[in-house]
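Trainee: Could we go through this structure together, taking the helix packing and then the backbone?

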Amino acid sequence: MIYCVEDERNIRELLVYTLGTTGFEAKGFSDGKEFKKALKEELPELILLDIMLPGEDGYSLLEELKKEPSTSEIPVIMVTAKEAEYDKVRGLEGGADDYITKPFGMMEFLARVKAVLRRTKKHSSKKEYHYKTLTVNVEKHQVFDNDRLVELTLKEFDLLRYLVENKGIVLSRDEILEKIWGYECAGETRTVDVHIRTLRQKLGDSGFLIETVRGVGYRIGDSQ
C-alpha cells in the first residue's frame with residue numbers, strides 16, 4: 001500500500017493510476033487531515049508527500065511522521081515543484097528517503113519508488129514477535145492470543161510492540177510515555193497504567209504476560 005498526499009487532483013490521480021497499473025495498491029489524499037485519518041485505519045509501506053498542501057504543509061507532516069513510533073520507519077518520498085537546494089536538503093534532513101522534483105516522467109517515478117522500497121526493506125526491523133501464547137505481527141499490524149485475533153487501537157498496538165521489542169527489559173512509565181506518546185510528564189503516567197489495564201483485558205489469556213514491576217514499570221518476558 002502506497003499513500004499519495006497531493007492537493008492537485010490531476011497529479012494525484014495520475015500517480016495513483018500509474019502505481020495501480022504496475023502492481024501496487026495506492027490511495028490518494030488531498031490534504032493532511034484526510035491522510036492522518038487514513039493512517040489510523042491502515043499503515044502504508046511508502047508515503048509520497050507533496051510540500052505545498054492546504055493547511056498543514058509537507059514538512060510539518062514529515063516531522064510528525066518521524067516522531068510517531070508507528071510511522072517513523074515508513075519511507076517517505078517528497079514529490080514537489082520546489083526545486084531549490086535548500087528545500088531538498090530540508091526534506092532529506094527531515095527524514096525523507098528521496099526527493100522528486102516536478103515535472104518528472106512516470107518511468108523515473110516508478111524507478112525511484114521501487115528503489116526506495118528495495119532499500120528500506122533490506123534494513124527493515126523484525127516483522128513478527130512470538131512469546132508463549134502471544135504473537136505480534138508488525139507488518140500486518142495484527143496481534144493474536146493463541147489463534148484469536150485481538151482488536152487493538154493504534155496506541156495499544158504501539159505499546160504492546162514496544163514491550164515485546166524490549167522483551168525481558170523493565171520499562172519505566174516515563175520511558176513508555178516518551179516513546180509512545182512523545183512526551184515526558186510524571187503527572188501523566190496514569191495514561192500508561194490505563195492503557196496497560198485495557199491491553200491486558202483485550203489480550204485475554206495472554207494478558208498475564210505483561211508483568212507489573214512494582215515502583216518501576218512494566219515488562220514482558222524474562223531476560224533469558
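Trainee: Is the crossing of H2 and H3 left-handed or right-handed?

Mentor: Keep in mind that this is a predicted model, in which local features need pLDDT of at least 70 and side-chain atom pairs count only at pLDDT 80 or more, while totals for chains, interfaces and linings use all residues. Residues are numbered from 1 along each chain as its sequence is written, and side-chain values use heavy atoms, with hydrogens and water left out. A crossing is called left-handed if the near helix is turned anticlockwise from the far one by less than a right angle, and right-handed if clockwise. By that convention, the crossing of H2 and H3 is right-handed.

Trainee: At what angle do H2 and H3 pack?

Mentor: Helices (DSSP runs of H or I, at least four residues) and strands (runs of E, at least two) are numbered from the N terminus, and axes are lines fitted to C-alpha atoms, for helices over the stretch in contact, with angles from 0 to 180 degrees between N-to-C directions. The axes of H2 and H3 lie 11 Å apart, and the packing angle is about 15°. H2 is therefore roughly parallel to H3, given that under 35 degrees counts as roughly parallel, over 145 as roughly antiparallel, 65 to 115 as roughly perpendicular and the rest as oblique. The angle asked for is about 15°.

Trainee: Which residues of H3 make the contact with H2?

Mentor: Contact means heavy atoms within 4.5 Å, and H2 brings Gly32, Phe35, Lys36 and Leu39 to it. With Ala, Val, Leu, Ile, Met, Phe, Trp, Tyr, Cys and Pro counted as nonpolar, Asp, Glu, Lys and Arg as charged, and the others, Gly among them, as polar, the contact of H2 with H3 divides into four nonpolar, one polar and two charged residues. On the H3 side, the residues are Leu61, Glu64 and Leu65.

Trainee: How many charged residues has the contact of H6 with H7?

Mentor: H6 (residues 154-165) and H7 (residues 173-181) pack at about 125°, with axes 10 Å apart, and the two helices are therefore oblique to each other. H6 passes H7 in a right-handed crossing, where Lys155, Asp158, Leu159 and Tyr162 of H6 touch Glu175, Ile176, Lys179, Ile180 and Trp181 of H7. Five residues of this contact are nonpolar and none is polar, and the number of charged residues is four.

Trainee: At what angle do H6 and H8 pack?

Mentor: In this pair, Lys155, Glu156, Leu159, Leu160 and Leu163 in H6 meet His195, Ile196, Thr198, Leu199, Lys202 and Leu203 in H8, a contact with six nonpolar, two polar and three charged residues. The two helices are therefore roughly perpendicular to each other. The axes of H6 and H8 (residues 190-203) are 10 Å apart, at an angle of about 90°.

Trainee: Which peptide bond is cis?

Mentor: Most residues other than glycine have a negative phi, and most peptide bonds are trans. Pro103 sits in the loop between strand S5 (98-101) and helix H5 (106-122). With omega near -5°, the cis bond is the one from Lys102 to Pro103.

Trainee: Which residue has a positive phi although it is not a glycine?

Mentor: Look in the loop between strand S6 (128-131) and strand S7 (134-137). The residue there with a positive phi of about 55° is Lys132.
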